[in-house]
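Thanks for coming. I will go through one model this morning, so please have a look at it first.

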Amino acid sequence: MKKAFSILLAVIFAISLMPIALADSTATITAYNSSDAQVGTTYATIDAAAAAAGQGGKVCISAGVLEVNGRQTISVSGVTLEGAGRGVTTIKPSANFANASETNRKAILTIAADNVTVKDLSLDGTDYGET
């Protein structure tokens, strides 16, 4: 009985650390059209995924950290940008972001369209620019 209890505690502890472990991995960007069908494979930028998803589509960022080299812009109306959860999916500037123009360092993510939904992710602008 004690052994089973010890194993249970070990499993609970391991599960509690999963979001921390996932946050250290590199996130990937995937686009889905309005019918929820995957469009292409993965994308290097949120901009490219939003364009591929089209109006009414969805851009999903997996668990982990997505380091961006400059401002990401969503310019397609009706797109949803969705992460795997607050603190589980994080968008942050890369080391190269420091070399971006002053204008691009002001924001990590820009919404330049109507009816865009952003949910279940965190933005970390502590190193450069503003959050």
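Helices here are DSSP runs of H or I with at least four residues, strands are runs of E with at least two, and both are numbered from the N terminus.

On provenance: this is a predicted model, local features need pLDDT of at least 70, side-chain atom pairs count only at pLDDT 80 or more, and totals for chains, interfaces and linings use all residues. Residues are numbered from 1 along each chain as its sequence is written, and side-chain values use heavy atoms, with hydrogens and water left out.

Back to helix 2. Its buried residues (under 20% relative accessible area, 1.4 Å probe, protein chains only) are I46, A49, A50 and A53. They lie on the same side of helix 2, because they cover an arc of only 100° around the axis, taken from the directions from the helix axis to the C-beta atoms.

Next, the largest nonpolar core, which has 21 residues. A core here is a set of buried Ala, Val, Leu, Ile, Met, Phe, Trp, Tyr and Cys residues joined through side-chain atoms within 4.5 Å. Strand 1, helix 2, strand 3 and strand 4 each give two or more residues to this core, and helix 2 gives the most, with four.

Last, the open sheet: three strands in the order 4-7-10, paired in parallel. Pairing requires at least two DSSP bridges. Strand 4 and strand 10 are at the edges with a single partner strand each, so one side of each has no neighbour in the sheet. Five bridges join strand 4 to strand 7.

Key:
Buried means under 20% relative accessible area, exposed over 50%, partly exposed in between (1.4 Å probe, protein chains only).
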